[in-house]
Amino acid sequence: MDEKQPDASPKKGDPNRPKVYVYGGGVAGMTAAHELAIRGFKVCVVERERALGIQGMLDLPSLGGLARTQYFAISRGQKPPLYYHMQGGTQTLPERNWLREKIGFLPGFSVGRSGFEYVLGTARGQGAQSHGYFPELWLEYEQPENAGATRRLTEQSQQMLEESADFVKTLFDKGYFHTEQGPLHDVKIYVQAFADPAQSKGTIVASGLGLPGAMAEDKTAINLAKATEKRLKDLLGEPLADWVKVYTEESGVPLRASSWLGLAPVARNWVRVIVYRPQLPGEHGYRFFPSFYRHVFDTMQRIPLHDFAGQPVGGSVLENLVPLPQIGIFSKSNAPFIMSWDPLRAGDALSRADYGLSNMRNLRITSQDLVQFSLRVLRYMTSCSQRRAAEMEDVSWWDYLEGHDKRTGARLYRYSDAFMKLVQSSSRVLAALDGAHGDARTCGNTYVQLLAEALVPTARNNCTLNGPTSESWFFHWREHLNRLGVDFQLGELEKLELERDEKGERLVARVYRASDQASENNADEAAAGSGMAGERWNLTHGGKEDGEHVYFVVATDVLSAARVSKGLGLGVSEGLQDYVSQMPEQQGSSRLVTREPEQKSGRHKWDRLQTISGIQYFFKRHVNVFDGYLYCVDAEWGLSAICSHLVWQERPEGQLSSYQSILSVDIGDWNTESKRLKKPAWACSPQELQEEVLHQICESLKSRGPDEEPVDFVLPEPDWVHIDEGLEYDSSKEQPRLLRNKTPYLVPIVGDWKNRPGPEPWDPTPNTPPPPPWSSPKNVSQAPHGGYPVHYDRLVFAGTWLRTFTRLTTMESANESARHAVNAILDHCTVHLAKRQLRTPRPRPVGSPFPSDPYEKGLFPTTPYGDYCRIWNPERNELPDFELLQRMDEKNFLQDRPHPWDVLGLEVLPSLLTKVPGSGDALNVMMSLVNVLGQNASPQATHGLLTVLRHFRTMLARTRPPHAR
């Protein structure tokens with residue numbers, strides 16, 4: 001460090017260290033908070049959502065955004081009950097003032113740094129098996145001095161029991177339970193016996209998690225449980241007393257023995273009391289983690305696992321990812337195509353290749369299709385990034401595969417009808433990928449990463465979480481951020497505006513935050529009580545009280561970001577307004593039309609904002625449709641699914657969790673009509689939606705091929721169904737209809753990349769080229785080397801709708817975008833706070849000239865505020881065999897020359913050679929040509945190409961079906 005310059009690095013406890021307000025508690029917001037906190041910034045996360053959390057009460061705020069688990073409490077009103085969000089629907093909760101009075105003595109309650117927070121219930125488990133609304137009590141009995149003397153609860157345990165009973169009674173009196181269905185019909189109170197194994201002659205009977213349970217011979221513990229039951233019934237009175245039940249091993253109730261207190265104590269005899277109300281884990285969609293989620297994996301690796309007391313227990317959240325070994329492609333007309341994600345290896349390569357070819361034949365996919373497709377993919381993999389940006393953002397993935405010539409309209413390469421249908425339909429079920437309308441660069445980059453997974457073994461290929469998302473990930477993340485000093489507030493960013501005072505103009509954030517006495521539905525009353533009647537906010541961030549060193553990170557969804565920044569009119573915010581309110585009149589048209597993004601999102605396939613949502617089916621029976629990911633390629637609504645519970649660390653168990661199986665389905669197409677209903681998903685009622693999705697899945701699973709009779713595949717009736725709460729239905733009609741989608745999904749449409757607000761992203765990885773220049777308007781600063789801009793020296797945006805190297809709308813792009821936002825703050829702090837001249841980082845090269853990890857190419861650059869957040873550009877993390885070929889193409893591109901393959905005409909050979917009598921196998925001829933070319937080129941440049949071609953030859957050698965055309 002230069003001794004002449006002050007050390008302006010933020011230090012813990014320094015009142016002048018920069019403060020950052022992060023608006024939005026989704027993946028982007030949590031990532032930004034994480035990266036800033038570990039660099040010494042004061043961080044406050046403001047999130048508006050209030051939703052049921054792991055322990056059955058409202059999380060204030062609820063974190064995770066679209067990725068969080070959408071818990072819902074079950075009732076017995078409908079058969080089967082459907083859970084969906086109605087317009088204006090609210091949830092009745094106990095008064096917060098009354099709850100505040102209880103926090104002093106009930107376990108699991110706390111007052112957070114940012115104000116009142118409460119968490120009820122402390123039993124942790126996956127799949128709502130041991131979620132409780134209320135505290136789980138370990139009651140201690142005094143050890144008697146004389147044999148045969150009556151054992152009594154300790155004074156502390158007696159107080160806990162009395163106060164907990166009072167708590168349950170008060171909630172019941174306030175109507176918190178669904179009493180219209182019968183008193184306390186969905187709540188159970190269990191009393192479980194535990195004993196000291198060292199003092200018993202009986203055999204220990206293990207309970208749920210292998211902890212000590214009641215003794216099979218010694219009845220002392222059971223007698224204590226019965227005494228506790230009697231005391232509890234007396235405290236509760238009618239009708240609650242009828243719901244208290246003693247648990248013994250003979251009862252067969254699968255109670256779990258986990259607790260926030262840790263293992264069951266063994267020094268004395270104990271009794272556990274649980275007040276339990278089942279809740280089920282819904283989701284926006286199932287979680288899918290391919291191996292190229294490098295940013296997400298890096299963050300997960302730095303999040304410790306915690307117990308429910310908030311203490312680290314060893315390991316990281318990354319260990320909660322479980323690979324799924326298979327993918328199943330199901331069709332109404334063809335036999336199932338089931339393949340393994342695992343790469344080919346010695347011992348099973350030939351049998352697996354033969355099985356794959358057999359499946360290809362059943363799908364009517366020919367060797368000609370595979371060779372032609374492989375060559376197009378290889379051509380893409382050997383193209384440099386500059387060529388991809390120039391040539392492949394304005395064409396669709398399918399147009400690229402066909403070799404579409406825009407000037408003549410000709411298609412250079414031909415495929416069978418079956419292959420064309422497979423590519424175009426399978427891309428729909430991959431959420432943000434659309435082969436017909438998605439741009440070729442985004443789809444191609446993603447496909448290359450998926451191909452690399454198949455060819456190169458990795459530790460985590462196509463993973464999912466080992467439990468509901470909030471339990472396996474966000475709970476631990478929040479606890480970790482708490483320990484880092486991050487403050488969480490319940491509130492909503494309403495507006496960003498310029499405020500003037502004697503010192504000039506500053507950007508401030510107006511935030512609505514309800515007081516403890518006000519409910520969410522009484523916003524006007526809350527504003528009036530704060531002296532700001534008629535206004536939607538009652539807090540100002542960035543004012544005089546915050547000082548000068550303040551930043552805002554807007555990490556909300558794209559619609560909210562546009563709304564709160566509407567009055568700024570420059571930089572990212574300026575381009576954001578038209579981005580959410582307009583769309584092309586026709587695909588590729590420059591003429592724009594206005595549309596309301598929340599109402600019927602994605603009316604046209606070229607609309608960047610689509611509706612993609614999830615639905616979950618819960619069964620009390622054991623249901624295992626498929627051991628992996630299931631894709632219904634020709635289902636009208638673009639369905640994909642997974643039986644999530646199969647890989648959960650703690651599987652749901654019937655009586656206590658109220659279900660045993662869960663089928664989680666993503667609906668990728670809401671505008672294509674169902675052949676059976678003659679209407680799209682958007683026009684269906686919730687009941688029609690859940691029935692039709694199940695029908696389409698069953699239809700896809702019935703087929704066994706064109707020459708075989710379909711099987712009679714029938715799924716049992718679901719016991720509960722959950723529809724994504726981002727979909728809001730109209731409750732005023734007898735048949736509810738979808739009113740709006742509050743969470744439209746951004747899809748990378750052909751030619752739309754240039755419309756994304758803001759500049760290209762900057763990669764701080766050593767020895768990477770800078771992004772193209774961006775014209776920065778007044779009051780918007782950008783580092784000389786590029787990167788995300790800072791508006792009015794305070795405001796940075798983050799989200800999947802900004803430009804990222806990932807490009808897709810995924811958790812990975814949300815995480816990456818947050819890292820870019822943090823890097824922009826680091827650069828801005830360096831210049832404006834540390835008073836340093838910012839230069840493009842040029843670290844000293846070290847290590848091997850051909851490292852497997854780009855970060856090994858040099859010392860990673862740093863700032864006075866800590867290292868830059870690491871960025872992984874997928875185009876710089878492809879198969880290393882193609883790196884030299886990409887460099888050769890880069891030289892050609894910079895000299896305005898075509899791709900070498902285009903000059904040689906390699907890709908048209910398969911179509912030509914199959915029509916030439918006596919030419920033999922097309923792949924044989926092509927291999928000979930490549931070998932000849934290789935004699936005149938560097939061995940390294942052709943090694944990767946030959947390796948991949950030989951791999952495809954091995955797979956195709958055993959069969960060569962005739963071309964379909």
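Here is a short tour of the model, stop by stop, with what to select at each one.

**Before you click.** This is a predicted model: local features need pLDDT of at least 70, side-chain atom pairs count only at pLDDT 80 or more, and totals for chains, interfaces and linings use all residues. Residues are numbered from 1 along each chain as its sequence is written, and side-chain values use heavy atoms, with hydrogens and water left out.

**Colour by pLDDT.** That is the predictor's confidence in each residue, from 0 to 100. The protein chain averages 74, with 68% of its residues at 70 or more. Now select residues 1–8: pLDDT stays under 50 there, and the model gives this stretch nine contacts beyond four places in sequence (a contact being heavy atoms within 4.5 Å). Residues 249–268 are also below 50, with 66 contacts beyond near neighbours in sequence.

**Select 27–37.** Eleven of its eleven residues are buried, so α1 is largely enclosed by the rest of the structure. Buried means under 20% relative accessible area, exposed over 50%, and partly exposed in between, using a 1.4 Å probe on protein chains only. Among the buried residues are M30, H34 and E35.

**Select 294–301 and 811–832.** Helices α5 and α18 pack here at about 75 degrees, their axes 7 Å apart. Axes are lines fitted to C-alpha atoms over the stretch in contact, and angles run from 0 to 180 degrees between N-to-C directions. That makes α5 roughly perpendicular to α18 (65 to 115 degrees).

**Show the rings.** The structure holds 25 aromatic pairs; rings of Phe, Tyr and Trp (its six-membered ring) pair if their centres lie within 6.5 Å, with planes over 60 degrees apart called edge-to-face, under 30 stacked and the rest tilted. F292 and Y293 pair edge-to-face, 5.5 Å centre to centre and 85 degrees between planes. F292 is buried at 10% relative accessibility, as is Y293 at 6%.

**Last stop: W397 and Y447.** This pair is tilted, at 6.2 Å and 35 degrees. W397 sits in α9 and Y447 in α11, so the pair ties together parts 50 residues apart in sequence. W397 is buried at 7%, while Y447 is partly exposed at 29%.

Conventions
Helices (H or I, at least four residues) and strands (E, at least two) are DSSP runs, numbered from the N terminus. Angles under 35 degrees count as roughly parallel, over 145 as roughly antiparallel, 65 to 115 as roughly perpendicular and the rest as oblique.
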